[in-house]
Amino acid sequence: MPGLHGVQIKGDSTVSSIVVKRRNMFKRNSIRLAAVLMVALASFIATPNAAPATAPEHHDQVPGFYRLKVGDLEVTALLDGPAILDPHWLTGEKATLDGVVKALPEDPHMLDAADTGFLVNTGKQLILVDAGSGTWFGGGAFGHLVGNLRSAGYTPEEVDLVLVTHLHSDHIGGLTTQDGNRVFPNAEIYVAKEESDFWLSPEIAAKAPKDANSQFFQSAQAIAAPYIEAGKWHTFSGLEPIVDGMQIVPLHGHTPGHTAYEFSSQRKKILFWGDTVHGQRVQLQHPEVTVVFDVDPPAALATRKQLLSKLASEDVVIAGPHMLFPGFGRLHKQGNGYSWAPVAFTDKWDDK
Ligand SMILES: [Zn+2]
């Protein structure tokens, strides 16, 4: 079968000639590649400080908001800024506090915290729970809440109500600019009467001891003033709900009228617990640790102990302004204290 043989030979010679050509190409390319590498190496050696051609770093972050669906409610955490607690703000048993100070060099993130406000869209109203520090606390470290609210797709003008847990400036500072303008011009502000009566009283301020709380009288009065003037400052006593589907939960102790707000929808619950916990890694393990900002430390301690125990046995999402952002999580009993289970990131709108 000469034909076939011939074809085979032809085929063989064709294949081998292609192989040879490829080998030659590879050889030529190898030589070229080597030359390029030599040039690159030479230039690298000549200028050792030249930056390698890697992708540049991006020194920005995703916007500081996070959404959570609670039944039919859309809740958006709005970061005012990250925070670190001063260990000297903690008060309580010397042994516990000494333990914290001793552990800090090895565990420098033990007192990491945040300042966060929460926006609830009920479908009928837009409700802000706490407004961050703005420019009234933290020496310029905060004040990002409104920018994050806009990133989340809302405007300050759209906010109908603001429920405040208490009148410390890290929760109401975001309401008012330094020149006395309302940041949320259409919002009605709600606060417990006991809280408003305490911080807005010049007589109580004048008689108050000079301590960590002294600074908050003046700021509360300045922040509240434009809303009082506009008839938009409202106080409540008792447990009458301010809007449908919410419950007032008095948590007196941290401040005289410290109040949490619980919203329910489709049998799901979320509790905005204000300053029940400042330093989650310390106070969940040691609920007896108080802070210098507690107006009544024994009452704050008793309230916290009672609430933590209740929450650990319920399926309720907690929204904590000082818990690590976004501040949404659930509590579980762990040893003598509690552990925090942050909500898992999801972009799915089911809340199973
Ligand atoms: Zn606070």
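1. Let me start with a pair of alanines: Ala83 stands opposite Ala113 in β4. The strands behind this pairing are β2 and β4, which run antiparallel and are joined by ten bridges. Do keep in mind, as you look around, that this is a predicted model.

2. On its way through the fold, β4 (residues 112-121) has eight of its ten residues buried, so the strand is largely enclosed by the rest of the structure. Four bridges also link β4 to β5 (residues 126-129), again antiparallel, and Leu119 has Leu128 as its bridge partner in β5. The two strands make a hairpin with four residues between them, and Gly123 in the turn has a positive phi of about 95°.

3. Stepping back to the sheet, you will find seven strands in an open arrangement, ordered β1-β2-β4-β5-β6-β7-β8, with mixed pairing. Where are the edges? They are β1 (65-70) and β8 (233-236); each has a single partner strand, so one side of each is left without a neighbour in the sheet. On average, neighbouring strands here are turned by 25° against each other, direction ignored. As a reminder, strands of a sheet pair through backbone hydrogen bonds, either parallel or antiparallel.

4. For a parallel example, have a look at β7 (residues 188-192) and β8, which pair over four bridges. Ala192 has Phe236 in β8 as its bridge partner.

5. The largest nonpolar core has 71 residues, and Phe118 and Val162 have the most contacts inside it. Strand β2 (residues 73-84) gives the most to this core, with six residues. Val162 touches Leu128, Ala131, Leu175, Phe184, Ala187 and Ile189, leaving aside residues up to four places away in sequence. Another core, of six residues, lies apart from the largest one and includes Val100, Val282, Val289 and Val291. In soluble globular proteins, nonpolar side chains tend to be buried together.

6. With residues up to four places away in sequence left out, Ala319 touches Val75, Phe118, Ile270, Leu271, Phe272, Gly327 and Phe328. Between the C-alpha atoms of Ala319 and Arg330, eleven residues apart along the chain, the separation is 9.0 Å.

7. A few backbone details are worth checking by eye. Most residues other than glycine have a negative phi, and most peptide bonds are trans. The peptide bond from Phe325 to Pro326, however, is cis, with omega near 10°; Pro326 sits in the loop between β13 and β14 (328-334).

8. Asp130 has phi near 70° and lies in the loop between β5 and α3 (145-151), while Arg267 has phi near 65° and belongs to the loop between β10 (259-265) and β11 (268-272). Are they buried or exposed? Asp130 counts as buried, because it has 28 C-beta neighbours inside 10 Å, whereas Arg267 counts as exposed, because it has 7.

9. Finally, some totals for the chain. There are nine helices and 15 strands, and buried residues account for 37% of the 352 residues. Of the contacts between residues at least 6 apart in sequence, 69% join residues at least 24 apart.

Terms used
Residues are numbered from 1 along each chain as its sequence is written. This is a predicted model: local features need pLDDT of at least 70, side-chain atom pairs count only at pLDDT 80 or more; totals for chains, interfaces and linings use all residues. Two strands pair if DSSP finds at least two bridges between them. Axes are lines fitted to C-alpha atoms, for helices over the stretch in contact, and angles run from 0 to 180 degrees between N-to-C directions. Two residues are in contact if their C-beta atoms, placed from the backbone, lie within 7 Å. A nonpolar core is a set of buried Ala, Val, Leu, Ile, Met, Phe, Trp, Tyr and Cys residues joined through C-beta atoms within 7 Å. A residue is buried if 20 or more other C-beta atoms lie within 10 Å of its own, exposed if 12 or fewer, and partly exposed in between; C-beta atoms are placed from the backbone.
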